[in-house]
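Reader: Hi! Could you walk me through a few spots in this one?
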Amino acid sequence: MVKYALYTGCTIPYRLNAYEASTRKVMDHLGVDLVDLDQLNCCGLYVEPANKLAYLALSGRVLALAEEQGLDLLCLCGGCTSALAKANAYLKEHEVERNAVNEVLADFDMAFEGKIRVVNSVNSFVEDIGLKTIKKQITKPFNGLKLAAHYGCHLLKPSEVLQFEDPEAPQSVDDLCAITGATMVDYRDKYECCGAPVIATEQSLAVKIINNKLKNISKSGANATVTVCPYCHLMLDLMQLEAEDTYQTKYKLPALLHTQLLGLSMGMDAEDVGLSLNKVNAEKVLDFLSE
C-alpha cells in the first residue's frame, strides 16, 4: 500500500477546500493511505528571501514531523513542494546549516535527519501509483471534453532538486488528464507563469498576465482548464472574474483541479470533489461524462 504524510500548506485549508476534499476522495479510492500530521506550520516559502535560516527551520520542522512517522511527505501545493524539497536537499548536504536548524528544533524535541522524500500529488499519481493503475479505476470517462493543462512554475523547478521531468517540455499533467478520456490541447505560452507571485504587490499586472493566458486558452478551443497548484487555480478560477471585469470580456472557462477531474471520471459525484466550490461554474463539464 502507498502511504504518505499529508501536507496541505496554508492556502488550501483556508481558500481551496475542494483541493483537499477531492484529493482525499481520490487517494482513498486508489487505496492510498494519508496520515495527518499534528501542529504543522508554514513551509517557509515566503520567508526564504528575508531569512534563509528561518526558512530552513520552518521547512525542517515539517520534514521532521513526517520523519517521525517514517513516511514520505505528500504536498498538494507546488510552492510547498518546491520549498520543502529544496530544504530537504540543502539540509542533507550542508552540515553547518543542518546543525543550526536542529538546534532550533531541539526546543520542540525534534530533529531533521534527511530520511524522507518530498512528493507532489502529480509525482504520486504518475510515478508512485502509476497511470496504468489509475486508468483501471476510470469508470465514467469524459467524451469530447477538450482540456488545457496549466503546469505552473513550482511543479517542475528547481529541476535539479525535483528531478521530475524535462522542465522545458513537460508532459506529466497532460498524460495524467488524458487517461480520463479528455482531449488535451496546446495553446500559446502554455508554460508561462499565471501571475500569482506579483498579485500582492501589483495586482493589475497579475490580472493582465492571467487575462493573456485565458485569452490564449480560449483561442485553443478548450472547454476547461486543469490546474495542479492552489495559487494557479485561484488565478484561473477566482481571478478570471476579475479579468473579465477589467477587460470587459466573458471567458466562462471552468478551471478544474486535476483531482476533481480524476474523481469525476472515477464515478464520484460533483459534491464529492467540491465542484460547487469553484468560482467559475464548472457544471458544464459534467455533460461530457459517459453514462
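Predicted model: local features only at pLDDT ≥ 70, side-chain atom pairs only at ≥ 80, totals over all residues.

Reader: Is Thr180 buried or exposed?
Author: Thr180 counts as buried, because its relative accessibility is 0%.

Reader: Which residues is Thr180 in contact with, leaving aside neighbours within four places in sequence?
Author: There you find Ile138, Pro141 and Phe142, along with Leu261, Leu262 and Ser265.

Reader: Switching topic: how many aromatic pairs turn up in the whole structure?
Author: The search finds one. Tyr151 and Tyr191 have ring centres 5.6 Å apart and planes at 65°, so the pair is edge-to-face.

Reader: Nice. Which parts of the chain does that pair link?
Author: Distant ones: Tyr151 is in the loop between β5 (146-150) and α7 (159-162), while Tyr191 is in the loop between β6 and α9 (203-219), and the two are 40 residues apart.

Reader: What about accessibility for Tyr151 and Tyr191?
Author: Tyr151 has 1% relative accessibility, so Tyr151 counts as buried. Tyr191 is at 35% and therefore counts as partly exposed.

Reader: One last thing: what lies over the face of Phe108?
Author: That would be Arg61, at 5.2 Å from the ring centre of Phe108.

Technical notes. Residues numbered from 1 in each chain as written. Heavy atoms only, no water. Buried < 20%, exposed > 50% of the residue type's maximum accessible area, 1.4 Å probe, protein only. Contact = heavy atoms within 4.5 Å. Phe/Tyr/Trp six-rings, centres within 6.5 Å; stacked < 30°, edge-to-face > 60°. Helix = DSSP H or I, 4+ residues; strand = E, 2+ residues; numbered from the N terminus. Lys NZ or Arg CZ within 6 Å of the ring centre and 35° of its normal.
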